[in-house]
Amino acid sequence: MSKNPTMASAVSSPVVRRVLLVDDEPLVLRAYDRFLGARGLKVDTADTVQVALMRLRENTYDVVVSDVAMPGATGLELLVSIQVADPDLPVILMSGGPNVEDASAALELGALRYLSKPLDAAKLDAALEAAFLRRDETHEKRVALAESHDRTRVANELQSTFDDALGMLFLVYQPIIDWDRKRVYAHEALLRSRHPTLSNPGVLLDAAEKLNRAKDIGTSVRSKSGAPLAAAPADSLLFVNLHSDELNDEALYSPDAPLSQIASRVVLEITERAALGSSEEARKRVATLRSLGFRIAIDDLGAGYAGLSSLAILEPDVVKIDMSLVRDCDREPTKRKLVQSIVTLCAGLGQVVIAEGVETVAERDVLVDLGCNYLQGYLFAKPALPFPEIRWG
Ligand code: G
Ligand code: MN
């Protein structure tokens with residue numbers, strides 16, 4: 001950054017402004033953190049979009065200054081999430097390799113500025129000043145106009161961005177293997193989108209939830225996911241993730257629906273990520289799905305949101321152990337004991353157990369030793385277009 005420490009007036013205002021600074025490069029993060037701190041701003045940092053989203057949930061900021069190119073989700077994806085959650089929060093994007101497509105996408109999606117790195121101090125000051133001005137103006141406007149037309153426009157734009165992403169949705173498939181018999185037990189269909197800014201499935205689902213459109217994603221996934229099954233190994237099953245909102249979608253229960261036609265080969269995965277609603281209601285709905293021929297799996301068992309009570313409520317046919325319990329199970333005795341307990345419990349209940357997210361040979365060997373014969377993870381195959389090769393060795 002060029003050294004030109006002229007203080008912008010809004011930057012030196014008596015209100016302490018809070019900045020969220022996002023960049024995956026530690027050196028850049030530290031340098032800009034210092035620069036902003038020297039201007040009397042209160043700075044929080046994040047080295048990934050995921051961390052940034054967590055900070056945004058926990059704190060209130062006056063501006064977000066974010067890098068564009070980062071591994072995982074990009075600054076543009078962060079921008080979209082912010083536009084969904086708080087369209088009045090100004091976002092300044094910065095890029096080490098600025099290009100016209102990104103710049104126009106950024107501005108179209110509502111970024112306040114798109115700056116190139118290394119940042120020019122005067123330009124950054126001017127952008128911050130504009131951000132704080134806008135923050136104050138929008139705050140006043142909001143108080144005056146509860147129902148702002150701007151908001152409707154932004155919401156409509158977001159709806160249309162989301163519609164575009166929905167139109168570009170496709171599925172990848174990850175094998176679940178039967179280790180003993182060295183064959184494919186099933187494939188899990190996993191959601192992806194070719195949309196340039198809403199491609200990360202987590203960000204897409206987040207946007208869907210905020211727009212109350214999770215059902216629409218489910219409809220698309222359910223209509224597409226079964227198509228490649230004809231080319232899958234005979235008798236192999238298809239695992240499809242259900243969002244809990246889909247349980248309230250009558251279309252899910254139609255005997256004429258595409259998935260219902262192949263229900264005997266389909267296992268529906270349910271998590272408690274969003275609440276299941278009343279347990280009586282969930283029980284009834286799951287019973288209806290079973291009467292159509294579907295089997296039921298509990299997804300992510302052992303993650304924060306999938307509690308043991310879901311076993312009692314849903315009485316699943318299949319239990320998927322979350323990858324947080326699988327990770328390093330060869331080195332962590334407590335994880336081994338937890339896996340062992342789940343395997344024993346599920347064997348007693350006649351349930352199939354699958355370990356998710358297996359990444360190393362050591363994890364695989366421990367899981368097999370513990371009696372967990374069904375495995376899924378990058379060690380065997382990453383999710384890919386139908387159907388990825390399996391590495392057995
Ligand atoms: O919540 P659910 O279990 O459906 O999430 C599956 C996600 O986990 C997918 O997005 C998939 O890409 C990812 N995944 C699959 N196998 C592995 C793995 O071995 N390691 C990691 N880190 N992620 C995995
Ligand atoms: Mn799943």
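Predicted model: local features only at pLDDT ≥ 70, side-chain atom pairs only at ≥ 80, totals over all residues.
Visitor: What is the omega value of the cis peptide bond that joins Lys 117 and Pro 118?

Guide: Pro 118 sits in the loop between strand 5 (113-116) and helix 5 (121-144). The bond joining Lys 117 and Pro 118 is cis, with omega at about 0 degrees.

Visitor: Which loop holds Glu 315, a residue that is not a glycine and has a positive phi?

Guide: Glu 315 is not a glycine, although its phi is positive, at about 40 degrees. The residue is found in the loop between helix 11 (309-314) and strand 11 (318-321).

Visitor: Which residues come nearest to ligand 1?

Guide: There are 16 residues around ligand 1. By class, this shell has 5 nonpolar, 4 polar and 7 charged residues. Those that come nearest are Gln 174, Glu 188, Glu 356, Glu 359 and Tyr 378.

Visitor: Which element supplies the largest share of the shell around ligand 1?

Guide: Strand 7 (183-193) and strand 10 (295-301) each contribute at least two residues to the shell. The largest share amounts to 3 residues, and its source is strand 7.

Visitor: How much of the accessible area of ligand 1 does the protein cover?

Guide: On its own, ligand 1 has 530 Å² of accessible area. The share of this area that the protein covers is 76%.

Visitor: Are helix 2 and helix 3 roughly parallel or roughly antiparallel to each other?

Guide: The axes of helix 2 (residues 49-58) and helix 3 (residues 75-85) come within 10 Å and cross at roughly 20 degrees. Helix 2 passes helix 3 in a right-handed crossing. Angles under 35 degrees count as roughly parallel. Helix 2 and helix 3 are therefore classed as roughly parallel.

Visitor: Is the crossing of helix 3 and helix 7 left-handed or right-handed?

Guide: Helix 3 and helix 7 (residues 201-210) pack with their axes 10 Å apart, at an angle of about 15 degrees. The two helices are therefore roughly parallel to each other. The handedness of the crossing of helix 3 and helix 7 is left-handed.

How values were computed
Residues numbered from 1 in each chain as written. Chains lettered and ligands numbered in written order. Heavy atoms only, no water. Near = heavy atom within 4 Å. Areas by Shrake-Rupley, 256 points an atom, 1.4 Å probe, with all protein chains shown as cover. Helix = DSSP H or I, 4+ residues; strand = E, 2+ residues; numbered from the N terminus. Nonpolar A, V, L, I, M, F, W, Y, C, P; charged D, E, K, R; others polar. Axes fitted to C-alpha atoms, helices over the stretch in contact; angles between N-to-C directions. Parallel < 35°, antiparallel > 145°, perpendicular 65-115°, else oblique. Left-handed = near helix turned anticlockwise from the far one by under 90°.
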